[in-house]
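Here is a short report on one protein chain. It covers a helix, the nonpolar cores, the salt bridges and some backbone angles.

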Amino acid sequence: MSSGRTLADALAEGPVLLDGGLSNQLEAQGCDLSDELWSARLLADAPEQIEAAHLAYLRAGAQVLITASYQATFEGFARHGIGPDRTGALLARSVELARRASDAARRAGPGREVWVAASVGPYGAMLADGSEYRGRYGLTVRELERFHRPRVAALAGAGPDVLALETVPDIDEAEAMVRVAEGTGLPFWLSYSVAGGQTRAGQPLEEAFAVAAGRERVVAVGVNCCDPAEAEEAVRVAVAVTGKPAVVYPNSGEGWDAGGRGWTGRSTFDPGRVRGWTGAGARLVGGCCRVGPDRIEELAALLER
């Protein structure tokens with residue numbers, strides 16, 4: 001665990017900068033992410049590449065590193081012949097790699113604060129078919145709890161500063177993830193992927209954010225991996241419903257083609273939007289898919305002014 005201020009303490013004092021998309025930075029480093037395990041495969045095959053990606057974001061000014069565990073699950077690794085003991089070790093490794101990068105940054109800049117957030121992606125991310133952008137998998141809240149609990153326990157046991165419950169598509173999964181996260185005793189944030197002013201499953205944002213209201217362990221609530229144009233209004237709703245700091249880290253604005261496993265369209269990510277986000281109550285800000293270190297560096301410069 002980090003020494004000094006908690007992330008919640010830092011958020012109470014002002015904006016804190018997240019990193020950007022891990023997969024795009026890994027691809028920029030020459031990594032092949034074409035299989036269904038996505039960046040999680042590199043936990044076993046090339047952990048040094050993950051650490052290098054974390055370091056790239058730290059050099060850009062990021063203060064929070066999100067681990068390479070978004071798509072890392074016991075079920076997903078089992079399909080590739082990796083057993084539960086090894087999977088648990090790989091999940092722990094995701095936290096260790098981020099911690100090693102943050103330790104290196106603190107050695108280079110004594111007094112620098114860096115927090116490690118263990119990524120907990122939705123059930124649909126394990127399916128690798130784009131269903132994390134649809135939700136409503138036909139599973140009950142209890143079934144989703146059973147899916148999330150083992151890997152959340154493995155991640156929590158590795159000692160991150162916070163859990164990142166991210167890219168959540170619907171209220172049922174949010175409820176399941178929050179219940180599991182509360183059992184760890186760790187602080188966590190809850191972040192939905194949204195479209196058209198609703199969750200990806202078509203539910204009102206007021207109802208979605210209400211899942212986090214009154215939860216002591218929730219340090220922030222908001223959105224990620226959404227169109228940048230949707231972010232500011234979602235932040236306003238999140239703050240109004242919960243009274244908590246908002247988290248916001250949209251993607252580049254391009255669209256994900258699940259069938260072709262690629263991004264389409266053009267980037268609409270404008271770092272200048274950060275003024276609107278923070279004005280609406282965002283305190284944890286950054287980028288998601290296709291937002292690289294260059295954009296995070298621009299955000300860092302704007303937050304310093």
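## Helix α4 and its neighbours

The buried residues of α4 pack against α2 (22-28), α3 (42-45), β2 (64-66), α6 (84-108) and α13 (293-304). This is a predicted model, where local features need pLDDT of at least 70, side-chain atom pairs count only at pLDDT 80 or more, and totals for chains, interfaces and linings use all residues. Residues are numbered from 1 along each chain as its sequence is written, and side-chain values use heavy atoms, with hydrogens and water left out. Helices (H or I, at least four residues) and strands (E, at least two) are DSSP runs, numbered from the N terminus. Contact means heavy atoms within 4.5 Å. Buried means under 20% relative accessible area, exposed over 50%, and partly exposed in between (1.4 Å probe, protein chains only).

Helix α4 covers residues 47-60, 14 residues in total. The expected span of a helix is 1.5 Å times one less than its number of residues. For α4 that gives 20 Å, and the end C-alpha atoms are 20 Å apart, which agrees. Its buried residues are Pro47, Ile50, Glu51, Ala53, His54, Ala56, Tyr57, Leu58 and Ala60. Just after the helix, Gly61 takes a positive phi of about 115°.

## Nonpolar cores

In soluble globular proteins, nonpolar side chains tend to be buried together. A nonpolar core here is a set of buried Ala, Val, Leu, Ile, Met, Phe, Trp, Tyr and Cys residues joined through side-chain atoms within 4.5 Å. The largest has 101 residues. Leu7, Val64, Leu165, Trp189, Leu190, Tyr192 and Leu284 have the most contacts inside it. Helix α6 gives this core its largest share, seven residues. Apart from it lies another core, of seven residues, among them Tyr123, Tyr137, Val141 and Phe147.

What does Leu190 touch, not counting residues up to four places away in sequence? Its contacts are Leu165, Val168, Ala174, Val178, Val211, Ala212, Ala220, Val221, Gly222 and Val247.

## Salt bridges

Side chains of opposite charge can pair when their charged atoms come close. The rule for a salt bridge is a side-chain nitrogen of Lys or Arg within 4 Å of a carboxyl oxygen of Asp or Glu. The count comes to 13 salt bridges. Asp45 pairs with Arg41, with the closest N and O atoms 3.1 Å apart. Arg41 is buried, at 19% relative accessible area.

Glu51 and Arg100 meet in another salt bridge (2.7 Å, N to O). This pair links distant parts of the chain: Glu51 is in α4 and Arg100 in α6, 49 residues apart. Glu51 counts as buried at 15% relative accessibility. Arg100 is partly exposed, at 48%. Asp161 and Arg99 also form a salt bridge (3.0 Å, N to O). Asp161 sits in the loop between α8 (141-157) and β4 (162-168), and Arg99 in helix α6, 62 residues away. Both Asp161 and Arg99 are buried. Elsewhere, salt bridges that share partners join Glu145, Arg149, Glu175, Arg179, Glu182 and Arg215 into one network.

Most residues other than glycine have a negative phi. Ala128 has a positive phi of about 55° although it is not a glycine. Ala128 is found in the loop between α7 (123-127) and α8. It counts as buried, at 18% relative accessibility.

Arg290 is not a glycine either, and its phi is positive, near 70°. Arg290 lies in the loop between β12 (282-285) and α13. At 39% relative accessibility, Arg290 counts as partly exposed.
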